[in-house]
Amino acid sequence: MKKILSMIALVGALGFSGFALAEEEAVIVDEAVATEVAPAAAAEVVEKATEAALTLSAGDTAWTIVATVLVLAMIIPGVALFYGGLVRTKNMVSVLTQVFVTTALMSVIWVVYGYSLAFTDGGSLNAYIGGFSKTLLAGITPDTLLDGGTIPEYVFVTFQLTFAAITPALIVGGFAERMKFSAVLTFLALWVTFVYIPIAHMVWGGGFLGELGAADFAGGTVVHMNAGIAALVGAIVVGKRLGYGKEAMPPHSITLTMIGASMLWVGWFGFNVGSELAADGTAGLALINTQAATGAAVLGWLFAEWLFKGKPSLLGAVSGAVAGLVAITPACGFLGPVGSIILGFVASVIAFWAVTSLKVKLGYDDSLDVFGIHGVAGLIGAIGTGILMSTDFGGVGYEEGVTMGSQLYAQAVAIGVTIVWGGLGSYILFKIVDLFIGLRATEEAEREGLDTAEHGERAYHY
């Protein structure tokens, strides 16, 4: 427990319109038709068309649906292949299964109660959690529009569902190759309920972090820091893999890892750009920022690796890409392209240090470096957002009455809450699961490989 608390304290210290044109055409009343009806009737038609244009946007809806599909592709097969390539051959199927089934499990949880608790009014507890008014999506119909938005609420529900699915899927990398499948599913179901959903509500659903002014465009704290902290706690509580530090545990397929990382890069445009929920200029800003930051992050990791290890590697390049994508996630709608390049480069270099030095010094076995990349780069992204969104750095600027200092305060509070809530909550949930069903696979199963021991399958037959 002391070791976990010291880890959490250390992390805390580090942080402390083509579519529009189509819509316009759709609502223009044909002049020839208008002249054939009574003036009052024509006026009514125009009024109804105008009202529709101001509410439902076909362009925004179409883009958000596409963005939702892109985020889903980030998880399956993106995260699954990225993680699968990083583990040893005997554990490939186990990682694929964990990510795939986690996606299915979170989809059901989100519809049953997750969306309601994250995005409705929680009454006296609204600062921290929502209510049950939309349990089983009660009251939502195909004609229901998102409050204050231009898209159907069902589309928003599904878009946010993919966020709730990818976040626990990322945690899998922290304890890969040694945790029982039943324990993985039980922990993640509890974690999304008691950790992810409250943090999502606090930041995006009307909770106190959003009201405080914490800027998190697409999930730096909600998704990446949240997952990174949980993975760190899991790596410590579950314990190190057998032979860790004594025998080589190289990735079994850099090829699959590169394919998975590439799908993450492409899908991340749904993640970041889709979070605008509109096909507009801010979406365009998020688009260029995501690409620029990721490119800079690849170069940052490679330069650091080249300097300190002598050779630039493909694994380093894809790791840098993910670090850059993570860092720009909270900032993509607030920075300018130059600020994004700076953020991506800096976050990547710091993540490289966390993976290659910090991890060794502290001695934890975060199998696939979820904390080193998602946790650390997410933290840097959250801090960098507060600084680089200033117009002095080409950003969009602060809200009226907000200074860089007050914005950094809001960012720091969001970071601190995520670390404490996520860290302590994850620790408690791991302990509960361990008490009732056990976390760790048997030594025999771990040596044999979880593919055959847990699932009776092999990824390869040769």
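**Exercise 1. Determine which residues of H14 meet which residues of H15, and describe the packing of the two helices.**

Solution. On the H14 side, the contact is made by Gly339, Leu343, Ala347, Ile350, Ala351, Ala354, Val355 and Leu358. Their partners in H15 are Phe371, Gly372, Ile373, Val376, Ile380, Gly381, Gly384 and Leu388. Sorted by class, the contact of H14 with H15 comprises 12 nonpolar residues, four polar residues and no charged residues.

The geometry follows. Two packed helices are described by the angle between their axes and the distance between the axes. Helix H14 covers residues 337–362 and helix H15 covers residues 370–388. The angle at which they pack is about 145°, and their axes are 9 Å apart. The crossing in which H14 passes H15 is right-handed. These values, like those below, come from a predicted model.

**Exercise 2. Classify the ring pair of Phe175 and Phe430, and locate both residues in the chain.**

Solution. A pair of aromatic rings is described by the distance of the centres and the angle of the planes. The model has 19 aromatic pairs. For Phe175 and Phe430, the ring centres are 6.0 Å apart and the planes stand at 80°. Rings pair if their centres lie within 6.5 Å, and planes over 60 degrees apart count as edge-to-face. The pair of Phe175 and Phe430 is therefore edge-to-face.

Phe175 belongs to the loop between helix H7 (153–171) and helix H8 (181–204), whereas Phe430 belongs to helix H16 (residues 404–436). The pair thus links distant parts of the chain, 255 residues apart. Phe175 and Phe430 are both buried.

**Exercise 3. State whether Thr167 is buried or exposed, and describe its surroundings.**

Solution. Thr167 is located in helix H7. Its relative accessible area is 0%, and buried means under 20%, so Thr167 is buried. A polar atom of the Thr167 side chain lies 2.8 Å from the backbone oxygen of Phe163. Beyond its neighbours within four places in sequence, Thr167 is in contact with Trp191, Tyr196, Val222, Val223 and Ala227. Trp191 and Tyr196 also belong to a cluster linked by ring pairs, together with Trp110, Tyr115, Phe119 and Phe156.

**Exercise 4. Assign Asp434 to an accessibility class and give its C-alpha distance to Ala183.**

Solution. Asp434 is part of helix H16. Its relative accessibility is 36%, so Asp434 counts as partly exposed. The C-alpha atoms of Asp434 and Ala183 are 7.7 Å apart, although 251 residues separate the two along the chain.

Technical notes. Residues are numbered from 1 along each chain as its sequence is written. This is a predicted model: local features need pLDDT of at least 70, side-chain atom pairs count only at pLDDT 80 or more; totals for chains, interfaces and linings use all residues. Side-chain values use heavy atoms; hydrogens and water are left out. Rings of Phe, Tyr and Trp (its six-membered ring) pair if their centres lie within 6.5 Å; planes under 30 degrees apart count as stacked, over 60 as edge-to-face and the rest as tilted. Helices (H or I, at least four residues) and strands (E, at least two) are DSSP runs, numbered from the N terminus. Buried means under 20% relative accessible area, exposed over 50%, partly exposed in between (1.4 Å probe, protein chains only). Axes are lines fitted to C-alpha atoms, for helices over the stretch in contact, and angles run from 0 to 180 degrees between N-to-C directions. A crossing is left-handed if the near helix is turned anticlockwise from the far one by less than a right angle, and right-handed if clockwise. Contact means heavy atoms within 4.5 Å. Ala, Val, Leu, Ile, Met, Phe, Trp, Tyr, Cys and Pro count as nonpolar, Asp, Glu, Lys and Arg as charged, and the others, Gly among them, as polar. A polar contact is a pair of N or O atoms within 3.5 Å; within protein, one must be able to donate a hydrogen and the other to accept it, and residues adjacent in sequence count only if both atoms are side-chain atoms.
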